[in-house]
Structure formats: C-alpha cells, structure tokens
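Subject: Handover of a structure and summary of findings

Dear colleague,

Please find the structure below, together with its sequence.

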Amino acid sequence: MRLYVTERVIEILNIGGVMLSLLHVAVILPFAAGILLAMLHRFFRKLHLGWPVLLVPALLFVYFASLIPAVSQRNTVSGNIPWIPSLDIGFNLYLDGLSLMLTLLITGIGVLVVLYSIFYMDMKEALNRFYLYLLMFMGAMLGVVLSDNMIVLYGFWELTSITSFLLIAFHYKRKASTSGAQKSFLITVFGGFAMLTGFMMMYLITGTFSIRATITGLGQFQESALFLPALILILIGAFTKSAQFPFHIWLPDAMEAPTPVSAYLHSATMVKAGLYVVARFTPIFGGQGLWFWLVTGVGLLTLCYGSFLAVKKRSQSDSCLFDHLSTWSDHVPLRGWICCSLLRIWRILCDVHCGNNRCAASPV
C-alpha cells in the first residue's frame, strides 16, 4: 500500500505486469461473478441462485463502507491502468465523496433488491440470465461513478443502457416488454452518443480525457467556441438517462420489467447516473449561466409535468410512477442551483484570497 496525503493507491494483484487496485476488482467482480454463477447454475438447481448472488453486493458494500474514514479525511482512493496512452485513455478509477455516496447507494440498494428478488422470482424462471444481467448492470453503474476518464465513463454508460435493455426485455415473449426495452434503449443510447460528442469536444479543447485534469485546467479553455456546445451535449446525455423532460417517455414502458428490476434500475440507481454526471461536471460548467438555467429549468419542468401526470392518472401504479418521476426530478434543479451558487461563492473567495488569481485547481 502506498499512502499519500491526498491520494491513496491500493495495489493487490499483478496480472501480466498490470497492477490492479481494489477499485478495479470492485468494478470487475460483478461481471466475473455473474458469468461464473450463470455457468454453474445448472449444478445447483435446488438452490435459489439469488443467495450466492447476494454475497456480491454485500461484499462490495462492506468494502466501500470501509473507505468512509479515508474519504472523510479528504483522501481519495484511486487506481490507474494505462490503455491507450497516446490518446490519453486509461482505465483510471477515482473515489471521492461524491462517488463514494453513489457506490454505497448502488451496492446497498443492490443488497435489498437481490434479497427481495429471492422471494419474488420463481425458480422455474431463467434465474441465471436474470442475475447475470443484474450483476452486469451493477458493475456498469460502479464503472460510471468511479471512472475518471471520460471515454471509460462513456463505455460504462452505454453498458448500463445495454444491460437495462436486457433486463426490461427479460420477459421477451411479451410485446410490451420488448417495445419498452427498445424505447428506453434508443433514447438512452442517443443521449450517450450526444455525451460522447461532448467529451470529444472537451478533448479538443483541453487535450485530455481526465475529469480531474480538466477541472485543474479550468481557467484555460472556458472561452473556447466548443465549450458551450460540449456543455449542451453532455447535459442531453444526463437528461436522457435521468428521464428528464422531454426524454421521460421511455420510463413508463420500462416498468414492464420484473419488479426488482424496476426498483433497481429506475427508482434507485439508473436515473441517478444522470444526476451524477450533472454533479461531477458542475465544477467545470457550473460557472456558466447556461448550465444553471438548463439544469434548473429542465428539472423544474419535469417536476411540474410529472406531478400533473401523477394527479391525472387513474391507475395507482401509473400515479406512483409519475409521482416518483417528479420526486427525483426536484434533485436536478436543486443540484443546479446549490452547486452553481456554491461554485460562484468559492470563486469569489478565491479571488479575494489569491489576489484575483483563479483557483480552479482547488477542490470544489
């Protein structure tokens, strides 16, 4: 173990000369466990597959919870694996307070969802396929919130769209399930392409795909002609994933998935991916008025529209669905208003303290 004042790198495995950190193991574990358990399922048909699956999110939750003291002391845990150095692309993971909160949400809710699915899913169903998709989605979400490299983040982002498509279409013989899966897939993948374009623009501006490096060099590229288009495209990706107006139309049909899937994908984790992107890129774009008005305006519009539809619907399930939509949508305008306000206050204090010198490298 190598301990730094602000960053801690934990190395445990050397595979082909590549040092894997515990963060890399945490992201890879759900994929490996899902494949392994799906292959071994036929040898343990009398045992509900959910019980061994339950160990995966439980172990991950304990691991991330053990990092709370380190993160609370303003240390960050990271792990880096070079991939395409010439393009500044690497499997670089980074855990700070924001990503720690999301990892605890993903794994903690994952424990509850898997436990519930044990009693909900009949053993006659294709449990090996169900839990394989569920664990892959969990791993993809962990990759999204832990990635420091924008291209790697995009890869995991699209993987959440693919796995959610498979989960929503789990009952593939039902037309409603397949059509709902197709709609959610097309909308979220469209948002992913928009986000990728925004990331490419940021690379043209900054010369790096690293989110931390972009924040550090913030004051050098805000005047670029590509800065505002990149802002808009990245927000489109976030809005499609978090089901903000007008991209919310995929959400009702996606509820055709099994109940544990609906709870995990839409009420707990998947829609939070969009909120995470807004929070993660606020130090970069938060000083722009356009960011504030788009995040706040779209969030308030979705809040009001979701509340209106919740009152209008006669079905209890539909009413609860749109009530949930309006409930998590209020996080978007609050995130935009609070983060932008705090960012502006921080910059004013930096200017006063540093004598009108930008403090973009300071933690926000």
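**Findings**

L40 is located in helix 1. Please note that the model is a predicted one.

L40 is partly exposed, because its relative accessible area is 34%. This residue belongs to a nonpolar patch on the surface, which also includes I35, L36, M39, F43, F44, L47, W51, L115 and F119. Together, the residues of the patch have about 1000 Å² of accessible area. Two elements give two or more residues to the patch, namely helix 1 (22-40) and helix 4 (97-120). Helix 1 gives the most, with four residues.

**The chain as a whole**

The secondary structure of the protein chain consists of 14 helices and eight strands. Of its 364 residues, 52% are buried. The chain exposes about 16700 Å², and carbon and sulfur atoms supply 67% of that area. Among the contacts with a separation of 6 or more, 76% are between residues 24 or more positions apart.

In soluble globular proteins, nonpolar side chains tend to be buried together. In this model, the largest nonpolar core has 98 residues. Helix 5 supplies the largest share of this core, 15 residues. Which residues have the most contacts inside the core? They are F64, L95, Y131, M202, F281 and F285.

If residues up to four places away in sequence are not counted, L95 touches L23, F64, L67, V71, T76, V77, L100, T103 and L146. The second example, A230, is placed in helix 9. A230 counts as buried because its relative accessibility is 0%, the limit for that class being under 20%. Again leaving out residues up to four places away in sequence, A230 touches G198, M201, M202 and F285. A230 and Y203 are 27 residues apart in sequence, and their C-alpha atoms are 10.0 Å apart in space.

**Aromatic pairs**

A pair of aromatic rings is described by the distance of the centres and the angle of the planes. The count in this model comes to 15 aromatic pairs. One of them is formed by F190 and F247; this pair is tilted, with 6.4 Å from centre to centre and 40° between the planes. The pair links distant parts of the chain, 57 residues apart: F190 is in helix 7 (residues 175-206), while F247 is in the loop between helix 9 (227-241) and helix 10 (250-254). F247 counts as buried, because its relative accessibility is 19% and the class requires a value under 20%.

Another pair, F281 and F285, is stacked, with 6.3 Å from centre to centre and 25° between the planes. Both residues lie in helix 11 (residues 259-285), four residues apart, which is about one turn of the helix. F281 and F285 are both buried. Ring pairs also link F281 and F285 with F199, F227 and W291 into a cluster.

**Salt bridges**

How many salt bridges does the structure hold? There are two.

In one, D96 pairs with R280, and the closest N and O atoms are 2.8 Å apart.

D148 counts as buried, because its relative accessibility is 4%. R212, by contrast, is partly exposed, because its relative accessible area is 23%.

Yours sincerely

Definitions and conventions. Residues are numbered from 1 along each chain as its sequence is written. This is a predicted model: local features need pLDDT of at least 70, side-chain atom pairs count only at pLDDT 80 or more; totals for chains, interfaces and linings use all residues. Side-chain values use heavy atoms; hydrogens and water are left out. Patches are made of residues with over 30% relative accessible area and no salt bridge: like charges are joined within 9 Å, nonpolar side chains (Val, Leu, Ile, Met, Phe, Trp, Tyr) within 5 Å. Accessible areas come from the Shrake-Rupley method with a 1.4 Å probe; for residues, only the protein chains shown count as cover. A salt bridge is a side-chain nitrogen of Lys or Arg within 4 Å of a carboxyl oxygen of Asp or Glu. Buried means under 20% relative accessible area, exposed over 50%, partly exposed in between (1.4 Å probe, protein chains only). Rings of Phe, Tyr and Trp (its six-membered ring) pair if their centres lie within 6.5 Å; planes under 30 degrees apart count as stacked, over 60 as edge-to-face and the rest as tilted. A nonpolar core is a set of buried Ala, Val, Leu, Ile, Met, Phe, Trp, Tyr and Cys residues joined through side-chain atoms within 4.5 Å. Contact means heavy atoms within 4.5 Å.
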